[in-house]
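Trainee: Please take me through some local features and helix contacts of the structure shown here.

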Amino acid sequence: MLMRMSRVDLVKGGLIILVIAGHLLPGEFHANLARWIIYSFHMPLFTAVSGYLFSWEKMREFRFADVVRKYWRRPVLPWLVALAVYAAVDTAPGSLLSAAYWAGFLGHFIRPFFHLWFIAAYLFWVLLSWALLHLRLSLPWILLTGSLLSFGSELLRHWIPPLTGNHFSGADTFLYTLHPNYYVFFVLGGFFRRYNAGLSVGWVVPATLLLLTAEVLLFYYPNEPAEAVVFFLYNFCLIRLMVAFVEGRPSRHYRLPEWIGVHSLAIYLWHVLPLIIVFRLHLASALQFYLLNAALMTVLFLGVWMTARIRQRLR
């Protein structure tokens, strides 16, 4: 069990590193091949890891109040603090008595800043799973339901573009904050954990390589319907390989990525703050940009390490 959890931490740590790398790479994701590849799988795999760790059977016995108690201290409370900080940083300066200022500030709690959508979506996936479990659905039936929800919402995203500025709607919040199109990945994490022993991975490696080739081709020859199909199939295969890796035979430890995985929530919530600081300095050269980012990320990691040590001593 300990080795399996260390492998989960290793996967989470590797994905956090990719998240940071994806945010540091120059250009839009459709104009940078490395960013295109990272964005094609890093958040779906993060979603699957969350589903892998989700207590599917225990949740059947939970009341709503139990769910709130379980998730309030982590991740809800740290996420709300991060929402407030990033909202203050991102909202245009103005009088605290101005309605426009507070509309912009509070708008960040409806459409979370940049990367913070993931926690809102995670809480949605948790509550949806809790509700489906209380309907006495088995995991295969939840997977079928999640597949229909994800594929349907992905189609809607092609017809309903995201709103901009301080404009909000129920459809926009549902599709672009709660990300129902990712719910199938959350369920797959739990499904493959439950049924890992009876499923072969022999065909998955060549299929994954083929789909990776398709991802590269779609970077150069865009086609939205093909991108959606390849996106789901590619991540289906990667999630299967990820669970097989986590459940596999013990291997050596990799301390730094495992440590990052253990503290993935704190690092994920706050890793964008150094980026904002550096971007606002308008540095003249790429070397200055990356060196200062590296220095500030080091400070962030040290802060997370020191906070963890203090919390251990206070227990």
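Trainee: Is Phe 114 buried, partly exposed or exposed?
Mentor: This is a predicted model, in which local features need pLDDT of at least 70, side-chain atom pairs count only at pLDDT 80 or more, and totals for chains, interfaces and linings use all residues. Residues are numbered from 1 along each chain as its sequence is written, and side-chain values use heavy atoms, with hydrogens and water left out. Buried means under 20% relative accessible area, exposed over 50%, and partly exposed in between (1.4 Å probe, protein chains only). Because its relative accessibility is 46%, Phe 114 counts as partly exposed.

Trainee: Where does Phe 114 lie, and what is its phi?
Mentor: Phe 114 is placed in the loop between α5 (99-107) and α6 (117-134); helices here are DSSP runs (H or I, at least four residues), numbered from the N terminus. Although Phe 114 is not a glycine, its phi is positive, at about 45°.

Trainee: Is Arg 136 buried or exposed?
Mentor: Arg 136 lies in the loop between α6 and α7 (139-159). Its phi is also a positive value in a residue other than glycine, near 65°. With 60% relative accessibility, Arg 136 counts as exposed.

Trainee: Which residue does a cis peptide bond join to Arg 74?
Mentor: The omega of this bond is about 20°.

Trainee: How are α4 and α6 oriented, roughly parallel or roughly antiparallel?
Mentor: The axes of α4 and α6 are 11 Å apart and form an angle of about 170°. Axes are lines fitted to C-alpha atoms, for helices over the stretch in contact, and angles run from 0 to 180 degrees between N-to-C directions. Angles under 35 degrees count as roughly parallel, over 145 as roughly antiparallel, 65 to 115 as roughly perpendicular and the rest as oblique. The angle therefore makes α4 and α6 roughly antiparallel.

Trainee: How many nonpolar residues does the contact of α4 with α6 have?
Mentor: Contact means heavy atoms within 4.5 Å; among the residues that meet are Pro 75 and Trp 79 in α4 and Leu 123 and Trp 130 in α6. Ala, Val, Leu, Ile, Met, Phe, Trp, Tyr, Cys and Pro count as nonpolar, Asp, Glu, Lys and Arg as charged, and the others, Gly among them, as polar. The contact has no polar and no charged residues, and its nonpolar residues number 13.

Trainee: What is the arrangement of the rings of Trp 36 and Phe 219?
Mentor: Rings of Phe, Tyr and Trp (its six-membered ring) pair if their centres lie within 6.5 Å; planes under 30 degrees apart count as stacked, over 60 as edge-to-face and the rest as tilted. A search of the whole structure finds 33 aromatic pairs. With ring centres 5.8 Å apart and planes at 65°, Trp 36 and Phe 219 are edge-to-face.

Trainee: How many residues apart in sequence are the parts that this pair ties together?
Mentor: Both Trp 36 and Phe 219 are buried. Because Trp 36 lies in helix α2 (residues 33-39) and Phe 219 in helix α10 (residues 204-220), the pair ties together parts whose separation in sequence is 183 residues.

Trainee: What is the relative accessible area of Trp 125?
Mentor: The rings of Trp 125 and Phe 118 have centres 5.6 Å apart and planes at 75°, so this pair is edge-to-face. Phe 118 is buried, at 7% relative accessible area. Trp 125 is buried, with a relative accessible area of 0%.

Definitions and conventions:
Helices (H or I, at least four residues) and strands (E, at least two) are DSSP runs, numbered from the N terminus.
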